[in-house]
Amino acid sequence: MLEVSQTEELNESIKSHALEAVYLYTPMCGTCQVAGKMLEVVEKLPQSFHFVKANLNYLPQFAEEQSIESVPCLLLFKDGQEMERIYAFQSVPFLYETINKIQNNQWG
């Protein structure tokens with residue numbers, strides 16, 4: 001999973017990929033560590049999303065622009081538009097099913 005550390009870099013990644021999953025975390029967050037491991041599994045499964053992760057401590061501007069409430073947070077974008085925001089990661093199957101719904105135009 002590619003790590004980005006600047007708001008501009010993150011925004012460019014969102015614009016340049018049709019399906020983008022943005023994982024926001026902080027290093028001292030224990031729940032974030034578990035969520036990150038879950039996403040590593042999902043990323044290896046058959047799907048079309050491009051994954052990036054970002055330490056929210058370095059992105060206060062992005063956090064404010066996106067009204068991020070807490071970490072961990074997964075933002076799912078399709079063609080640059082936010083389709084889903086996940087704070088409770090629940091399970092690997094839940095995450096995988098969610099991204100597949102968006103990927104296969106079954107969202108809504």
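C73 is buried in this predicted model, with a relative accessible area of 0%. Because the cut-off for a buried residue is under 20% relative accessible area, C73 falls on the buried side of that line. The other cysteines to look at here are C29 and C32, which are joined to each other by a disulfide with an S to S distance of 2.5 Å. C73, by contrast, is in no disulfide, and the nearest cysteine sulfur, that of C32, is 9.7 Å away.

A disulfide is a covalent bond between the sulfur atoms of two cysteines. The structure holds one of them. Its torsion about the S-S bond is about 85°, so the disulfide formed by C29 and C32 is right-handed. Both partners, C29 and C32, are buried, as is C73.

Stepping back to the fold, the protein has four helices and five strands. Read from the N terminus on, these elements follow the order β-α-β-α-β-α-β-β-α. Helix 2 covers residues 30-44, and C32 of the disulfide pair lies within that range of numbers.

Helix 2 is also the place of L39. With 1% relative accessibility, L39 counts as buried, because buried means under 20%. Which residues does L39 touch, once its neighbours within four places in sequence are left aside? The contacts of L39 are M1, Y23, F51, L74, F89 and L95.

The overall dimensions complete the picture. For 108 residues, a compact globule would have a radius of gyration near 13 Å, and the protein agrees with this, having 13 Å. The C-alpha trace spans about 30 × 30 × 25 Å along the principal axes of the protein. Of the 108 residues, 43% are buried. Contacts between residues at least 6 apart in sequence join, in 66% of cases, residues at least 24 apart.

The charged side chains comprise 7 positive and 14 negative ones, and the centres of the two sets lie 7 Å apart.

Conventions:
Residues are numbered from 1 along each chain as its sequence is written. This is a predicted model: local features need pLDDT of at least 70, side-chain atom pairs count only at pLDDT 80 or more; totals for chains, interfaces and linings use all residues. Side-chain values use heavy atoms; hydrogens and water are left out. Helices (H or I, at least four residues) and strands (E, at least two) are DSSP runs, numbered from the N terminus. The radius of gyration is taken over C-alpha atoms; the globule rule is 2.2 Å times the number of residues to the power 0.38. Buried means under 20% relative accessible area, exposed over 50%, partly exposed in between (1.4 Å probe, protein chains only). Contact means heavy atoms within 4.5 Å. Lys and Arg count as positive and Asp and Glu as negative; His and the chain ends are not counted. The place of a charge is taken as NZ of Lys, CZ of Arg, CG of Asp or CD of Glu. A disulfide is a pair of cysteine sulfur atoms within 2.5 Å.
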